[in-house]
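Dear colleague,

I am handing over the structure we spoke of. Please look through it before reading the notes below.

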Amino acid sequence: MVDENQQQNNINQQSGELTEEQQTMTDSTVQINTNETGNEVNQQSDTQTEAVLETTAANQDSNVAASADATSYESKAKENELTQQIESLKVQLEERSTQYMRIAADFENYRKRNQKEKEDLEQQLKRNTITELLPVVDNFERARAQIKPQNDGEMTIHKSYQGVYKLLVDCLKRLGVSPMRPEGQPFDPNLHEAVLREPTDEYPEGTVLEELVRGYYLGERVLRHAMVKVAAPKEDAPSSEDGSSSANS
């Protein structure tokens with residue numbers, strides 16, 4: 001009886017050892033299966049991760065390309081807009097430059113015209129004033145030519161008004177007045193006014209013989225024409241035959 005029990009215990013013990021070994025083997029198999037499954041899961045995860053990364057990279061590349069295209073389009077649009085603005089500004093600048101040049105030319109013409117009108121007005125006023133004074137000068141010259149002092153008192157008076165005459169002439173010279181000297185020159189209707197003609201054979205026809213009223217220049221322009229006596233051809237004396245014929249008749 002004791003032996004049977006002991007045998008039964010040995011059997012049970014062996015069964016337990018077998019069970020433990022089987023359990024160990026089962027655990028090992030499960031662990032191996034688990035490791036294999038984990039590896040497969042990891043591989044799948046890695047594959048999915050790579051796919052996701054590739055997709056993400058592709059999307060990023062697509063986004064970058066799209067962004068680059070959009071940036072290039074915007075850059076070209078801005079460039080075109082700036083080009084149009086530059087062209088518009090160039091046109092405006094040309095218009096303003098042309099307008100400025102036209103205004104400057106008009107102003108320069110106005111300035112010159114105004115200056116000329118001012119000078120002409122001043123010259124006309126000067127001419128009118130001096131012309132009113134010329135008869136006074138003429139009277140002084142007539143007095144000097146006609147009056148002959150006979151005594152010291154008359155000489156004193158003569159010198160006094162001749163002194164006034166000299167002052168007047170000096171003032172006229174400072175204003176640009178100069179007298180004409182037409183004697184012996186050919187008659188010029190732009191300078192002279194013929195009031196007398198004297199037949200003579202000593203001078204060519206049209207020669208100024210005498211200045212009756214003095215003419216004057218104001219600068220280079222004629223202030224007053226000189227009144228002159230001009231040489232004319234001398235008339236031939238009637239022949240003796242003409243004289244006798246007339247006597248007989």
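Here is what was found in it.

Please keep in mind that this is a predicted model. The secondary structure of the chain amounts to 3 helices and 6 strands. Read from the N terminus, the order of elements is α-α-β-β-β-β-β-β-α. The chain has 249 residues, and 14% of them count as buried. As for contacts between residues at least 6 apart in sequence, 64% join residues at least 24 apart.

Next, the aromatic residues. Searching the whole structure gives 2 aromatic pairs. One of them is formed by Phe 140 and Tyr 165, whose rings are 5.9 Å apart centre to centre, with 40° between the planes, a tilted arrangement. This pair links distant parts of the chain: Phe 140 belongs to helix 1 (residues 2-146) and Tyr 165 to helix 2 (residues 152-174), the two being 25 residues apart. Phe 140 and Tyr 165 are both buried. Together with Tyr 161, they form one aromatic cluster.

On the surface, there is a nonpolar patch made up of Val 195, Leu 196, Leu 212 and Met 227, with about 300 Å² of accessible area together. Of these residues, Met 227 lies in strand 6 (residues 226-232). Its relative accessible area is 32%. Patch members need over 30%, so Met 227 at 32% qualifies on that count and is classed as partly exposed.

Regards

How values were computed: Residues numbered from 1 in each chain as written. Predicted model: local features only at pLDDT ≥ 70, side-chain atom pairs only at ≥ 80, totals over all residues. Heavy atoms only, no water. Patch = residues over 30% accessible without salt bridge, like charges linked within 9 Å, V, L, I, M, F, W, Y side chains within 5 Å. Areas by Shrake-Rupley, 256 points an atom, 1.4 Å probe, with all protein chains shown as cover. Salt bridge = Lys/Arg side-chain N within 4 Å of Asp/Glu carboxyl O. Helix = DSSP H or I, 4+ residues; strand = E, 2+ residues; numbered from the N terminus. Buried < 20%, exposed > 50% of the residue type's maximum accessible area, 1.4 Å probe, protein only. Contact = heavy atoms within 4.5 Å. Phe/Tyr/Trp six-rings, centres within 6.5 Å; stacked < 30°, edge-to-face > 60°.
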